[in-house]
Amino acid sequence: MADNSQKMSYHAGEAKGQAEEKASNMMDKANNAAQSAKESMQQTGQQVKEKAQGAAEAVKNATGMNN
């Protein structure tokens, strides 16, 4: 039969494992959020670039520089 110190050691190990699992899950969530933000910024940047190119083309067309 296990004595008190063995039981305490076992429970401490269990608690440590649970804490490590929670920390790992939190890191996964943070990484997913960062990746999502990065992709969102890339899409926004692409949209801004396309609008700027469209505006430049409109100015060229309006001023006759596209001919």
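E20 and K16 both belong to helix α1, where they stand four residues apart, or about one turn of the helix. In general, an α-helix has 3.6 residues a turn, so residues three or four places apart point the same way, and side chains of opposite charge can pair when their charged atoms come close. In this model, which is predicted, the side chains of E20 and K16 do meet in a salt bridge, with 3.2 Å from N to O. E20 has a relative accessible area of 45% and is therefore partly exposed, whereas K16, at 51% relative accessibility, counts as exposed, because the cut-off for exposed residues is over 50%.

The structure holds two salt bridges, and the other one to consider joins the side chains of K60 and E57, at 3.9 Å from N to O. K60 and E57 are three residues apart in helix α1, so about one helical turn separates them. K60 is partly exposed, with a relative accessible area of 33%, and E57 is likewise partly exposed, at 36%. Across the protein there are 8 positive and 8 negative side chains, and the centres of these two sets lie 7 Å apart.

From these pairs we can turn to the helix that carries them. The protein has one helix and zero strands. Its radius of gyration is 29 Å, well over the 11 Å that the globule rule gives for 67 residues, so the protein is more spread out than a compact globule. The box filled by the C-alpha atoms, taken along the principal axes, is roughly 95 × 10 × 10 Å.

How far apart should the ends of helix α1 be, at 1.5 Å a residue? Helix α1 runs over residues 4-63, and its 60 residues should therefore span 88 Å, which agrees with the 88 Å between its end C-alpha atoms. Just after α1 comes G64, which takes a positive phi of about 75°.

Q42, which is found in helix α1, gives another view of distances in the model: Q42 and A19 are 23 residues apart in sequence, and their C-alpha atoms are 35 Å apart in space. With a relative accessibility of 48%, Q42 counts as partly exposed.

What share of the 67 residues is buried? Buried residues make up 0% of them. The protein exposes about 6,000 Å², of which carbon and sulfur atoms supply 55%.

Note on methods:
Residues numbered from 1 in each chain as written. Predicted model: local features only at pLDDT ≥ 70, side-chain atom pairs only at ≥ 80, totals over all residues. Heavy atoms only, no water. Helix = DSSP H or I, 4+ residues; strand = E, 2+ residues; numbered from the N terminus. Rg over C-alpha atoms; globule rule 2.2 N^0.38 Å. Buried < 20%, exposed > 50% of the residue type's maximum accessible area, 1.4 Å probe, protein only. Areas by Shrake-Rupley, 256 points an atom, 1.4 Å probe, with all protein chains shown as cover. Lys, Arg positive; Asp, Glu negative; His and termini not counted. Charge placed at Lys NZ, Arg CZ, Asp CG, Glu CD. Expected span 1.5 Å × (residues − 1). Salt bridge = Lys/Arg side-chain N within 4 Å of Asp/Glu carboxyl O.
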